[in-house]
Structure formats: C-alpha cells, structure tokens
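Let's take a friendly walk through this model, one region at a time. Have the sequence and the structure at hand as you read.

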Amino acid sequence: MKGELEKLEQEAMAALRGVRDAQELRRIRAQYVGRKGAVTRLLRKISTLPAAERPQAGKLANDVKIRLETVFKSALKRIEQERERPQAGLDVTLPGRPFERGTFHPITLTLEAISDIFLRLGFAIAEGPDVELDYYNFEALNIPRHHPARDMHDTFYISDNVVLRTHTSPIQIRVMEKQSPPVRIIAPGKVYRVDYDISHTPMFHQVEGLMVDRQISFGDLKGILTTLMHQLFDEKTRLRFRPSFFPFTEPSAEVDIECVMCRGKGCRVCAHTGWLEIVGAGMVHPAVFEMVGYDTDRYTGFAFGLGIERIAMLKYGIDDIRRFYENDIRFLRQF
Ligand code: FA5
C-alpha cells in the first residue's frame, strides 16, 4: 500500500506541473482525489487490511490526500492570477472602439406620435395578449363560428380555440369586461394575418380606439379621427368615410385618407386611386355591449382600428410596406 501511494503522489505531482488551465486541473484532481479517484479508492481498501496495519496505512493515505489537495489549491490560484494579469502587447492608450447608436423604428415613432395625440384627448392606453382566445378575437365581437365574416381575417390558428389575434378589437372586450362606462381607451399592438404583398405583411400594427358613454354619436367618431389626422399630417388632409361592414359595429365605415404622397392624383402607394384605406370604424354593435353586460338603452359608443403601417408609409413617404421588416440598416438609419 505504501509503495502504491508514493507512486500515485509522484504521478499526480508530475501531472500538475504542466497544467495551464483550470478545467484540466479539475480533471486531474478528480482522477486522483475525487470521489472515484485513485487515492480515494486506496483509502477505501484500508478496511480490508489486517487490523494492525490499518492505523498506519490510514494516516499515510490521508497525508497524501492532504498534500495533493494543498498543491491543487495553490495551482488553481496561480492559474487564476495568470488569467487576470494583462496580456503582453495590450496597449491601454489606444482609443476605445466606438459603438453605434440605434434609432427608433419608424413604426415605433408613428405609434408614439398617435398615442401622444390620444393621450392629449383624454384617452388611456390598454393592452391585451397577442396570442388570443377565439372567444375574444371573434365570438364576443359578434363573429360566431362559421360566420362568413371570419373569411375576412386570414387567421393563424394555434389550436382550435386559440389564435394569433387578427386585430386589436379583442382588447375592447377585455377592457369592457373589467370596466363600466364611461370608457375612453386606445390599444396599440401587433396583429397577425396570413397576408403578404406590397401593402400587406403577416404581422402589422393597429391602434384600437373605444369610447363609450351616454350620447356618443357618429359625429364624435368623425371629429376624433379628423383631429387625429390633422395633427399627424396637416389641416389640409382630407378624410373619406365609406359605408362598410363589421359584425361588431353598426353602422360601420371604412375611412380613407387622401394620399399625401400625390395629394390625391394617384401614385404607386395609393394604387393610383388617390386614397388609402387606413381605418375600420363604426358605432359599437348592441350585441357586443350585451356580451359584456353594458346597458344598451343608456350607452352608445364608437370604435375604430387604425392600420399603423399604412399611416407610417404616408408619413415617411415609403412605397412598399415590406421595407419596414427587411431589417436593412441603410433604410432604418434614416429615421
Ligand atoms: C379591422 O381589423 C377591424 N378590427 C377594425 C375595426 C375596429 C372596425 C373597431 C370597427 C371597429 P380591417 O381588417 O379593415 O378591420 O383592418 C383595419 C386596418 O388595418 C386596415 O384599414 C388597414 O389599414 C390595416 N391592415 C389590414 N390588413 C393589413 C395587412 N395585412 N398589413 C398591413 N395593414 C393591414
């Protein structure tokens, strides 16, 4: 046993001499004094020796173990100190590397500009989840299963009753479930549809608006949206309200803004029509109020959903919606 122990100690010391990194050191330590190490194995064997030899062998093996542990510890310290020492050739007088400052994304800037205007008009900001229950995205908005209006939304389904929200309108329901009138909120957020071309992307942004109180009229809706566009663009910007259909509003309208790129003459951005559809809107349908338990005799309200990418295209003169999401630094740096 004595001979074996001496041999192991010499071997371990020799292995340690050349060690340069901590990982290698730990491996050698495990090989000799770890739980399954060679010295530890010998220590365990002591119980099989004749009783008279045990005390001496035990002391010998323990001493070897303690000596090795001490050397391991100081080797580890040496390695760590070496690592912290500055490397030869490091010139501390060199100037630092400059790092680039980012800019806000044009969609973020547009969302902020719109939110600021609504905050000044006394609206609060509400939020809801991107991954939404079918109930909030459709059912509670008066769009039952198999209703043809579901075809208007090319939906990404997560499961049978969970979707990526196709619009920000489910936030209307979530707010009204929690709060009784009066309500005056906007809800900015990402929405998702299976759609991709010059004026459609699979992920885009909307700002939902909802105002509920006594005697809210279509005139209030027109006033708010016109004020918004005049403040975002200028006082000359014209809006056009066209009759439309949404199951959750009655009457419903689609609101176009005169193309500020060509001032209505017709260009690539407005598909040569002079107008760009940017908002779906209307008076909240009584069926929706009933879903959330609002008294339809006392309250009326309007709601709208603004398409933010379309507004940003007009604001910054961008003719292809896909530019926003190509991550081209040359494009993004301009804002
Ligand atoms: C809606 O999403 C309704 N939730 C709007 C609404 C809210 C109506 C409240 C009534 C009351 P629509 O599908 O039309 O409606 O979308 C609204 C706006 O989002 C459109 O006017 C358009 O500007 C924008 N939009 C729609 N699809 C895309 C797309 N794939 N990419 C970019 N913008 C889009």
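## A residue on strand S3

Ile 158 is part of strand S3, which covers residues 157–159. Please keep in mind throughout that this is a predicted model. Is Ile 158 buried or exposed? Its relative accessible area is 52%, and because the cut-off for exposed is over 50%, Ile 158 counts as exposed.

Which residues does Ile 158 touch, once those up to four places away in sequence are set aside? They are Val 131, Val 163 and Leu 164.

## A buried serine in a loop

Next, have a look at Ser 169, in the loop that runs between strand S4 (162–164) and helix H7 (170–178). Its relative accessibility is 4%, so Ser 169 counts as buried. Beyond its neighbours within four places in sequence, Ser 169 has contacts with Leu 141, Glu 208 and Phe 248.

## Helices H1 and H2

Now to another part of the chain. Two packed helices are described by the angle between their axes and the distance between the axes. For helix H1 (residues 2–17) and helix H2 (residues 22–33), the angle is about 175° and the axes lie 10 Å apart. H1 and H2 are therefore roughly antiparallel.

On the H1 side, the contact involves Leu 8, Glu 11, Ala 12, Ala 15 and Leu 16, which meet Leu 25, Ile 28 and Tyr 32 of H2. Sorted by kind, the residues of this contact are seven nonpolar and one charged, with no polar ones.

## The nonpolar cores

The largest nonpolar core holds 44 residues. Those with the most contacts inside this core are Ile 114, Phe 118, Leu 225, Leu 228, Met 229, Phe 304 and Leu 306. Several elements each supply at least two of the core's residues, including helix H5 (106–120), strand S6 (203–213), strand S9 (275–284) and strand S10 (300–307). Which element gives the largest share? That is H8, with six residues.

Phe 304 is worth a visit of its own. Leaving out neighbours within four places in sequence, Phe 304 is in contact with Phe 118, Val 207, Glu 208, Gly 209, Leu 221, Leu 225, Val 279, Gly 280 and Ala 281. Another core, of 26 residues, lies apart from the largest one. Among its members are Leu 141, Val 183, Phe 246 and Val 288.

Notes: Residues are numbered from 1 along each chain as its sequence is written. This is a predicted model: local features need pLDDT of at least 70, side-chain atom pairs count only at pLDDT 80 or more; totals for chains, interfaces and linings use all residues. Side-chain values use heavy atoms; hydrogens and water are left out. Helices (H or I, at least four residues) and strands (E, at least two) are DSSP runs, numbered from the N terminus. Buried means under 20% relative accessible area, exposed over 50%, partly exposed in between (1.4 Å probe, protein chains only). Contact means heavy atoms within 4.5 Å. Axes are lines fitted to C-alpha atoms, for helices over the stretch in contact, and angles run from 0 to 180 degrees between N-to-C directions. Angles under 35 degrees count as roughly parallel, over 145 as roughly antiparallel, 65 to 115 as roughly perpendicular and the rest as oblique. Ala, Val, Leu, Ile, Met, Phe, Trp, Tyr, Cys and Pro count as nonpolar, Asp, Glu, Lys and Arg as charged, and the others, Gly among them, as polar. A nonpolar core is a set of buried Ala, Val, Leu, Ile, Met, Phe, Trp, Tyr and Cys residues joined through side-chain atoms within 4.5 Å.
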